[in-house]
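Here is my note on this two-chain model. Please keep the structure open while you read the points.

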There are 2 protein chains.
Amino acid sequence: MYSLPWSRNVPVKASATNRLWRRCFSVTRAGASQLAGLDPSKLVITKTSTPQEPTAPKDLVFGKTFTDHMLSVEWSAANGWHAPQIVPYQNLSLDPATCVFHYAFECFEGMKAYKDSQGRIRLFRPEKNMERLNKSSSRIALPTVDGGALTKLIGELVKLDSKLVPDLRGYSLYLRPTMIGTQKTLGVGPPGSALLFVIASPVGPYYPTGFKAISLEATDYAVRAWPGGVGDKKLGANYAPCVVPQLHAASRGLQQNLWLFGEEEYVTEVGTMNLFIALKNKETGQKELVTAPLDGTILEGVTRDSVLGLARERLVPKGWAVHERKITMREVAEASEEGRLLEVFGSGTAAIVSPVRMISYKGKMVGCGLKESEEAGEIALQMKNWIEGIQYGDEDHPWR
Amino acid sequence: MYSLPWSRNVPVKASATNRLWRRCFSVTRAGASQLAGLDPSKLVITKTSTPQEPTAPKDLVFGKTFTDHMLSVEWSAANGWHAPQIVPYQNLSLDPATCVFHYAFECFEGMKAYKDSQGRIRLFRPEKNMERLNKSSSRIALPTVDGGALTKLIGELVKLDSKLVPDLRGYSLYLRPTMIGTQKTLGVGPPGSALLFVIASPVGPYYPTGFKAISLEATDYAVRAWPGGVGDKKLGANYAPCVVPQLHAASRGLQQNLWLFGEEEYVTEVGTMNLFIALKNKETGQKELVTAPLDGTILEGVTRDSVLGLARERLVPKGWAVHERKITMREVAEASEEGRLLEVFGSGTAAIVSPVRMISYKGKMVGCGLKESEEAGEIALQMKNWIEGIQYGDEDHPWR
């Protein structure tokens, strides 16, 4: 059972949008039958007969090249999780009436495996991804899974394809656990069968030649997520509708869109990343790192959580304040005008951090604290180095 | 280019939710390349070598049995629509990285073909489905399609499988045009390729032994759609999140859930149907048929439109008022208490109309005007007969 405590940590003032948050939205899990649990000891491996050679690192494109094998586990309402299989990477063959094609019974995770200086392969906080996968799947009546068992199986897949995990700094193996409903009827109801699969894509650094700050268009004509909706879950449903606003931003020369919410125009997410804002407090001058609170409209990003954790551990002792709080676009624009906006960056698994140069908002360009010669602010740089240090095992840390 | 004029026909009063509607949300189409248009003259038909015998009408289950063939048309950003094909009903073979599995690039239509008393097969207002399909696809950066050409191709499919179209009254061939993104990369962007397919399922009447009124649970803990969201489009994304609230309602013995919106608790949709409420005006006593306005959170149901059209044509002359307006759950409950609630019914392609007996709301059961011995109200009965009369060609009407 999980619930979304809408009011926790959310400062409430009397306003149109905020009145909506006061209601206690909460969706409890259903249809999350376990029956036979996922059992790694039953793993059957069928190796490819045509292993590939590693792609040259410079030719890697995010999510385009895949390794030789995939993990595949079927689930049925009658029998629970079937024996897991690692098989050669191959097409899925599905009846055209399968519910994943019609009603978006699908959720996924994004995580990476890193090769450290000793050639050992490491996952970064996989338990966070497993926890989120179960929140996502149960919200759409797909089964939950034992996160430890799935992590172990992912480890087996990575081990089998380990020669395809790039060993250069900034390179990694992107892992995509995906769960889809496979029932082949058009009635709308809880899927009686599902498929969990994991594919793996060797990827290079998001910014191969160093950071390149992006500019954003503040989107006020469409809304990504809302109270009582599913915007905090990693469902396929949240992604397709994001593309047209991205294309609009691109048509005006801006690399991504910034999602605002409500008449207050709260800053929520950037494209498919969480967003961080570093600014000086108007009254006290204290440096603050701010991100939107997990109020049910914000994806519970693992990188978001890592940035927050490191900020509390390493920036607070230096005098910073760290806040998960609602922040309006007007507040950001005002901080920019008054020279108090230090930096803005997105956070996500692909880029770790993604510095922002400017935000187009109501016909004006809001500068985000970078000098013309700079492509990243101090905090973004530091966070990338800290997080990579842990991911690649340079630093001993509980998150490895 | 289309836009969503949020304020049109929507009475606005100063309230939390209503302030949200005042903003002019509008998403213009993108990525809707036409290039080579859909060309029915290029149709290639490959017939099945194992034709099936019709299933006994009594054994038909909605969306479970399919005909011998399917229509399939590929699209690519480089070449537009490829030559359409009718092929034996078969599995789709797709790379596990295909974007439909990860980001819900998928939309669909629901429509029916009816066999009239002369054995001719008829579609009901297919142009409405085609129009909506294009609104749906372009909102998620999938291509649009010439509706006339697609209707013609659907006609060819129906003709080929015509012996599987049941010819009993209330029976029909349910048609499911579906469009999915088929690009096989994990980057989130406009799909460079897509597949349009149409499958067909012989179906019986929704209520084989006559109407059976359903009872609803008013859902106040989850929200289906939001201004600026995609709830008015027939996207897969809108369906998977509906199932858990349905299961919750079912666990309390109620057949469907009723979606409320905002702090006013506007009545919006029931499960995956539009909703109609017939009541007597508190002041004037005039009979009114009310349904939620197309403000961007309501699916533009073809049956909804048909019910409205027939009500204006045939009920208004009898003294009824027909309103597309916002109506709160409190207003419905008050009308019930005061004996002014005449009837409530859902509308959709599957059931045409679906009478409602009671709504569970804040711990009370709100009666919806039916006597204990009744399974449907007068208007629901009339609408079903009128619409079926047109669908089966008993009546000459512009909608055939």
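1. Start with a term: two residues are in contact when heavy atoms lie within 4.5 Å. By that rule, 76 residues of chain B touch 75 residues of chain A.

2. A word on the source. This is a predicted model, in which local features need pLDDT of at least 70 and side-chain atom pairs count only at pLDDT 80 or more, while totals for chains, interfaces and linings use all residues. Residues are numbered from 1 along each chain as its sequence is written, chains are lettered from A in the order in which they are written, and side-chain values use heavy atoms, leaving out hydrogens and water.

3. Now the area. Buried area is the accessible area (1.4 Å probe) that two parts lose on being put together, summed over both. Between chain B and chain A it is about 6300 Å². Carbon and sulfur atoms give 63% of that area.

4. Which parts of chain B supply the contact side? Several elements of chain B each supply at least two residues, including helix H1 (16-22), helix H3 (126-139), strand E9 (172-181) and helix H5 (243-251). H5(B) gives the largest share, six residues.

5. One strand pairing crosses between the chains. Strands pair if DSSP finds at least two bridges between them. Strand E5 (residues 92-94) of chain A and E5(B) are joined by three bridges and run antiparallel. There, A:Leu94 stands opposite B:Leu92.

6. How are the copies related? The same surface serves both: 97% of the contact residues of chain B recur in chain A.

7. Last, the charges. A salt bridge is a side-chain nitrogen of Lys or Arg within 4 Å of a carboxyl oxygen of Asp or Glu. One of the salt bridges joins A:Lys362 to A:Glu265, with the closest N and O atoms 3.4 Å apart. The two residues are 97 residues apart in the chain.

Notes:
Helices (H or I, at least four residues) and strands (E, at least two) are DSSP runs, numbered from the N terminus.
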